[in-house]
Amino acid sequence: MGTEKDQRMRALVVDDAPEFHELVGGPLKADGFDVETAEDGERAVELAKDFEPEVIVLDVGLPKIDGVEACRRIRTFSDAYIVMLTVRDEEVDKLIGLSVGADDYMTKPFSPRELIARIHAMLRRPQAQAGSTGARKFGDLTIDPEARECFVGSNAIELTRMEFDLLDTLSSRPKVVFSRALLLEKIWGENYVGDDHVVDVHIAELRKKLGDDYKTPRFIRTVRGVGYRMAESA
């Protein structure tokens with residue numbers, strides 16, 4: 001039987017400012033997390049392997065390798081929830097962070113309480129849709145919810161946890177148009193308090209990985225002014 005320590009959630013906080021470790025790590029520890037910290041991107045990747053956190057709070061501006069590259073490397077072996085932090089509010093920073101596999105982003109300064117709320121919302125969301133059994137086919141796209149695998153033809157497609165959950169949700173009811181708000185509720189959690197644009201960014205990255213042109217979509221259709229739905233199953 002696992003010990004209480006074994007059962008605690010683990011969080012990795014990565015920022016080059018030591019005072020930030022306490023600002024974020026302190027509330028996480030008070031909330032019951034085991035917390036490790038890192039001050040550069042290379043150390044973050046090492047700890048992500050050794051510590052195996054469920055949650056990573058990752059600043060974009062890091063020494064050695066920046067947060068975007070650290071996130072890209074971490075995503076090759078970990079499906080931890082990753083929240084990217086940036087001091088700039090330009091849209092490009094958010095898009096770059098999410099395109100390498102981050103689950104959410106926040107702009108400094110922010111409320112640690114809001115960060116904790118977002119983390120809990122992510123951890124509460126289901127990993128797969130209830131009743132999702134059997135493989136689903138949409139042309140040459142195959143989705144296996146139980147194995148959490150996705151293929152285009154014979155090629156396996158590597159998806160992040162969020163990307164797969166989006167695809168699983170859309171494909172579970174292919175005739176239904178899912179609004180941004182409904183996708184946020186189902187995947188990010190009903191208490192998510194971030195920008196609903198996060199859905200569009202993840203859909204765009206999912207389409208890119210599937211080789212799906214949004215202008216002539218084979219798999220995921222945009223219903224203008226409403227949301228997203230799957231193309232008809234084959």
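Start by selecting strands S7 and S8: they run antiparallel and are joined by 4 bridges. Strands here are DSSP runs of E with at least two residues, helices are runs of H or I with at least four, and both are numbered from the N terminus. Two strands count as paired if DSSP finds at least two bridges between them. You are looking at a predicted model, in which local features need pLDDT of at least 70 and side-chain atom pairs count only at pLDDT 80 or more, while totals for chains, interfaces and linings use all residues. Residues are numbered from 1 along each chain as its sequence is written, and side-chain values use heavy atoms, with hydrogens and water left out.

**Stop 1: the sheet around S7 and S8**

Stay with this pair and pick out Thr142, whose bridge partner in S8 is Phe151. S7 and S8 form a hairpin with 4 residues between them. Now click on Arg148, in the loop between these strands. Its phi is near 55 degrees, a positive value in a residue other than glycine. Most residues other than glycine have a negative phi, and most peptide bonds are trans. Is Arg148 buried, exposed or partly exposed? With a relative accessible area of 31%, Arg148 is partly exposed, where buried means under 20%, exposed over 50% and partly exposed in between, using a 1.4 Å probe and protein chains only.

Next, show the side chains along S8, which alternate.

On the S6 side, 3 bridges link S6 to S7 (residues 141–144) in the antiparallel sense, and Arg136 stands opposite Ile143 in S7. On the S9 side, S8 and S9 pair antiparallel over 2 bridges; look for Val152, whose bridge partner in S9 is Asn155. The hairpin of S8 and S9 has 2 residues between the strands, and Gly153 there takes a positive phi near 65 degrees.

**Stop 2: two helix pairs**

Move to helix H3 (residues 41–50) and helix H4 (residues 67–74). Their axes come within 9 Å and cross at roughly 20 degrees. Axes are lines fitted to C-alpha atoms, for helices over the stretch in contact, and the angles run from 0 to 180 degrees between N-to-C directions. H3 and H4 are therefore roughly parallel to each other; that label covers angles under 35 degrees, with over 145 roughly antiparallel, 65 to 115 roughly perpendicular and the rest oblique. To see the contact (heavy atoms within 4.5 Å), show Gly41, Ala44, Val45 and Ala48 of H3 with Ala70, Arg73 and Ile74 of H4.

Then select helix H2 (residues 18–30) together with H6. This pair packs at an angle of about 50 degrees, with the axes 10 Å apart, and H2 and H6 are therefore oblique to each other. Which residues of H2 meet H6? Leu23, Val24, Pro27 and Leu28 do, and across from them in H6 are Pro112, Leu115, Ile116 and Ile119.

**Stop 3**

Arg118 is buried, with a relative accessible area of 8%. Show the side chain of Asp104 as well: a polar contact of 3.1 Å joins it to the side chain of Arg118. Such a contact is a pair of N or O atoms within 3.5 Å; within protein, one must be able to donate a hydrogen and the other to accept it, and residues adjacent in sequence count only if both atoms are side-chain atoms.

Now select Pro109, in the loop between strand S5 (104–107) and H6. A cis peptide bond joins Lys108 and Pro109, with omega at about -5 degrees.

**Stop 3: Lys64, then the whole chain**

Go to Lys64, in the loop between strand S3 (55–59) and H4. Phi of Lys64 is positive, near 70 degrees. Lys64 counts as exposed at 64% relative accessibility.

Finally, zoom out. The protein chain has 9 helices and 12 strands, and buried residues make up 50% of its 234 residues. Among contacts between residues at least 6 apart in sequence, 57% join residues at least 24 apart.
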